[in-house]
Structure formats: C-alpha cells, structure tokens
Amino acid sequence: MSEPKKLYIKTYGCQMNVYDSERMSEALGGQGYVETQSPEDADMILLNTCHIREKAAEKVYSELGRFKGLKAEKPDLKIGVAGCVAQAEGEEIMRRQPLVDLVVGPQSYHRLPELEAKARAGEKALDTDFPEEDKFEKLKNRPKAKRGPTAFLTVQEGCDKFCAFCVVPYTRGAEVSRPADRILREAQDLVERGVREITLLGQNVNAYHGAGPDGDMTLAGLIWELNKIDGLERIRFTTSHPNDMTDDLIEAHGTCEKLMPYLHLPVQSGSDKILKRMNRSHTAESYLRLIERIREARPDILMSGDFIVGFPEETEEDFQATLDLVEQVRYGYAYSFKYSTRPGTPAAERPQVDPQEADDRLQRLQALITRHQREIQDAMVDRTVRVLFEKPGRLAGQMVGKSEYLHAVHVSGADLSAGDLRNVRITASGANSLAGEVL
Ligand code: SAM
Ligand code: SF4
C-alpha cells in the first residue's frame with residue numbers, strides 16, 4: 001500500500017475559515033491526503049487566507065516566500081492558496097509568486113480534488129469562480145471520525161450589505177443560505193461523533209433563510225430544529241447584523257434552552273453620521289433599543305461586538321459617541337480595529353483620519369472595553385456556571401472548558417474528560433480566564 005500524501009493547512013482569520021479548512025482537508029482526504037502539523041513533512045501546503053486585516057495579501061506573499069527552500073528540496077511539493085486573498089488576487093498570486101501551483105476561492109473548494117490533480121500533473125490550477133452549484137452539496141459527507149466536543153457548522157455565506165469598509169461582499173459573494181435538511185443532517189452526524197456544542201457560522205448568520213420543508217426557514221427556526229437533536233447540548237451562532245435580529249430570534253434567546261446566552265452583534269460605531277457613511281443602515285439608538293429588547297428576553301446575556309475607529313471623517317465627537325455607546329452596552333467581549341483601506345471598497349477613496357489620532361482612539365476604546373470585560377468576568381466569582389470541558393489545561397490535572405457565557409474556565413484535581421458538562425462554582429478570575437471547582 002502506498003504511503004498517504006501529507007497535507008499541511010495553515011488557517012488565517014475567522015471561524016468560517018476554520019470550518020472551510022476542515023472541509024478542504026476532508027475533500028483532499030479522498031485524494032489520499034492526511035493532515036500533518038509540519039510544513040516540512042507536507043506533500044501539499046495550503047494557506048487558507050483572510051482578507052479582512054491590513055496588508056493581508058502582502059502577509060500571504062511573505063509567508064509564501066518562506067516556502068522557497070522547501071520547494072527547492074522537494075520539487076513534488078505542491079503549494080496552494082485558498083480563501084479570500086485567493087479570491088481577491090486570483091491569477092496575480094501565481095504571477096508574483098511562481099512557486100504557487102494552485103489558487104482556489106472560497107466558493108470553489110469543492111473542486112479541490114480536480115485542481116489538485118491538475119497541479120500534480122504539472123499544470124497551474126486556478127479557480128476563483130462563483131459557481132452555480134452549491135459547494136456543500138458537492139462535498140462528500142464528512143467522514144465518520146471521533147471529534148472533540150465543539151464544532152463549527154457553516155449555514156450561510158456571503159453578504160449583500162456592502163458596508164463601505166468591507167471586502168466580504170466581493171470576496172465571499174452574494175448571501176446564500178444552505179438548505180435546512182443538509183444542515184440538520186450534518187449536525188446529527190457531528191453529534192454522533194461526540195460533538196456537544198455547535199456554533200452556526202455565517203458572515204451574516206442571522207440573515208439565514210435556507211429552504212425548509214414549509215418554505216424558507218429563519219435562523220430561529222433552524223435553532224429550534226437543532227434544539228430537538230438528542231445529545232446536542234449547546235447552540236451558538238456568529239456573526240450577526242443588527243438589522244437581521246428578528247423577533248423570533250430574540251424570543252429564542254429567552255426560551256430555547258440549548259441556545260447559549262452570548263451574542264456577538266457588531267455595531268462598528270456609536271456615531272449616526274459615521275454609521276450612515278459606513279452604510280450600516282442602523283443608528284446607535286436603534287442598536288441600543290435592540291439590545292434592550294434582547295436583554296428583556298434574556299437578562300443575563302453576554303454581549304460582544306466589533307468596532308472600527310478612525311473611519312474616514314470620524315471626528316473626536318463621533319468617537320466620543322462610540323465611547324458613550326460602549327458605556328451603555330458594557331460588552332463582555334469586543335473586538336476593535338483601526339480602519340484600514342480595502343481597495344475597491346467605497347470608503348477607500350475618502351479622506352483618511354490622521355493615523356496617530358486613530359491609534360490614540362483605538363487605545364482609549366480598548367482600555368474601556370478591557371475594563372468592562374474584566375468587571376464582567378470578575379463578577380462571575382462565587383457564581384455557579386455550567387462548563388463544557390474541552391481539553392486538558394497547561395497544568396497537570398487541569399481541564400479547561402467554556403461557560404455558557406463563553407468564558408474559559410479552568411478546574412484542577414477533578415475527574416473530568418473532554419465532553420463533560422458540569423456545574424462549576426467560580427472561585428477566581430484571572431487575566432483571560434476563570435478558575436473554579438466542580439460541584
Ligand atoms: N458581518 C459582520 C458585521 O456585520 O459587522 C462583520 C464581519 S467582518 C468579517 C469582521 C470585522 O472586521 C468587522 O466587524 C469590522 O469591525 C472589521 N473590519 C472589516 N473591514 C475592516 C476595515 N476595512 N478596516 C478595519 N476593520 C475592518
Ligand atoms: Fe462586511 Fe458584515 Fe457589512 Fe457584510 S454586514 S459588508 S460582512 S461588515
């Protein structure tokens with residue numbers, strides 16, 4: 001029997017890329033590949049890239065440059081670029097970095113086996129189409145191997161919102177939802193392999209409107225169907241847009257016992273002027289009212305968000321409005337970024353904020369967010385939370401898991417295995433995690 005070929009995948013960016021990397025690895029499994037953690041061992045290296053952060057493409061080129069030596073030693077090594085940089089750069093990647101054999105966009109990775117065969121035959125293989133066929137339908141069923149207790153499951157992709165700063169509508173394409181029955185089958189299969197918590201993923205996950213048995217299903221409808229799966233204990237979803245927070249989804253947060261009390265709901269700015277220029281189509285006030293309604297449904301929900309500071313034409317007054325909004329919401333987690341231009345997006349052409357001013361605002365915003373985060377985490381001490389244990393911690397005899405609020409919780413000296421779900425009394429709050437004892 002011939003040795004299996006080895007695949008090294010490096011994943012950048014969001015959870016959707018983590019999910020895509022798993023599916024790409026499974027797709028190449030059919031071509032005789034098994035994964036390796038070391039690029040030196042690999043017969044194929046695949047970079048699954050993200051285009052959201054600044055100079056994303058440049059970072060990919062410099063990473064590719066590092067494989068020159070490996071390729072010289074092992075001429076049969078195939079090097080591929082997948083994901084959003086692949087989509088945005090296309091053929092340019094092979095022109096600028098001739099050691100690349102394969103380029104595949106996020107909507108075409110079901111065609112990886114054919115592309116890999118083409119690359120093996122010594123040809124350059126490129127596919128950055130937005131094909132008509134559904135890639136998830138074309139992918140093989142996920143192989144039946146035992147899994148850890150948590151898994152991602154992509155239910156929706158792409159975005160039609162065209163926020164003025166964002167590349168997603170260009171790199172991931174139009175908004176598409178997967179049919180509900182396929183998702184439910186995939187979820188059932190994950191649970192049979194040991195998964196107890198599923199995070200539903202989409203760039204705009206709460207805009208989900210996949211075909212169901214009686215017409216289109218909403219995300220809340222899908223969550224209620226998942227709620228019926230025996231053995232599935234927890235459901236989460238990310239990332240949501242404020243305008244798609246429908247009444248049924250807010251209500252599910254109050255009534256669906258498997259839906260966890262955590263919601264990532266990016267607002268980006270607290271200034272109505274900036275929100276308008278960002279093409280966000282919500283105001284600070286409508287966002288705050290929405291959070292009020294969500295908290296009425298589920299008072300203990302932990303809110304998380306995304307912010308951009310230094311968006312073109314943002315003044316100190318606009319920035320103050322963002323700080324005010326953060327004060328009112330008090331996020332348990334929040335991700336904040338300094339605006340950076342993405343060629344081809346509307347905001348790229350506008351007058352930019354002084355970079356030092358933007359840095360200063362970012363620091364002030366992060367200091368406030370960190371303070372709230374810490375206060376919310378510290379307030380968990382002496383409370384009892386339910387922890388899904390995921391893996392051993394760094395210390396001997398320690399296990400780490402997540403509470404329903406997504407706080408990392410460490411427990412030492414208890415007889416625990418990955419997948420156990422236990423009540424834990426929180427005894428201490430550290431820099432980025434909690435410690436506790438099993439009750
Ligand atoms: N769909 C989500 C939403 O509606 O807000 C966001 C998805 S985006 C992939 C993740 C985050 O990256 C955004 O929320 C935004 O804060 C940040 N981001 C996107 N484009 C950016 C840019 N040009 N500069 C700085 N941050 C950016
Ligand atoms: Fe990008 Fe999110 Fe806006 Fe869509 S809704 S364009 S993914 S920031």
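Trainee: How do the residues of the shell around ligand 1 divide into nonpolar, polar and charged?
Mentor: They divide into seven nonpolar, six polar and five charged. Ala, Val, Leu, Ile, Met, Phe, Trp, Tyr, Cys and Pro count as nonpolar, Asp, Glu, Lys and Arg as charged, and the others, Gly among them, as polar. As to conventions, this is a predicted model in which local features need pLDDT of at least 70 and side-chain atom pairs pLDDT 80 or more, while totals for chains, interfaces and linings use all residues. Residues are numbered from 1 along each chain as its sequence is written, chains are lettered from A and ligands numbered from 1 in the order written, and side-chain values use heavy atoms, without hydrogens and water.

Trainee: Which residues come nearest to ligand 1?
Mentor: Of the 18 residues around ligand 1, these are Phe-165, Gln-203, Gln-268, Asp-306 and Ser-340. A residue counts as near a molecule if one of its heavy atoms lies within 4 Å of it.

Trainee: What makes the approach of Asp-306 to ligand 1 a polar contact?
Mentor: A polar contact is a pair of N or O atoms within 3.5 Å; within protein, one must be able to donate a hydrogen and the other to accept it, and residues adjacent in sequence count only if both atoms are side-chain atoms. A polar side-chain atom of Asp-306 lies 2.6 Å from an oxygen atom of ligand 1. For Gln-268, a polar side-chain atom is 2.7 Å from a ligand 1 oxygen, and for Gln-203 a backbone N or O atom is 2.8 Å from a ligand 1 nitrogen.

Trainee: Which residues surround ligand 2?
Mentor: Among them are Cys-159, Cys-163, Cys-166, His-241 and Arg-280. By class, this shell has seven nonpolar, two polar and two charged residues.

Trainee: Which residues have the most contacts inside the largest nonpolar core?
Mentor: They are Leu-46, Leu-200, Leu-222 and Tyr-331, in a core of 74 residues. Such a core is a set of buried Ala, Val, Leu, Ile, Met, Phe, Trp, Tyr and Cys residues joined through side-chain atoms within 4.5 Å. Helix H13 (residues 284-297) gives the most to this core, with six residues; helices are DSSP runs (H or I, at least four residues) numbered from the N terminus.

Trainee: Why is Glu-292 called partly exposed?
Mentor: Glu-292, found in helix H13, has a relative accessible area of 40%. Buried means under 20%, exposed over 50% and partly exposed in between (1.4 Å probe, protein chains only). Glu-292 is therefore partly exposed.

Definitions and conventions. Helices (H or I, at least four residues) and strands (E, at least two) are DSSP runs, numbered from the N terminus.
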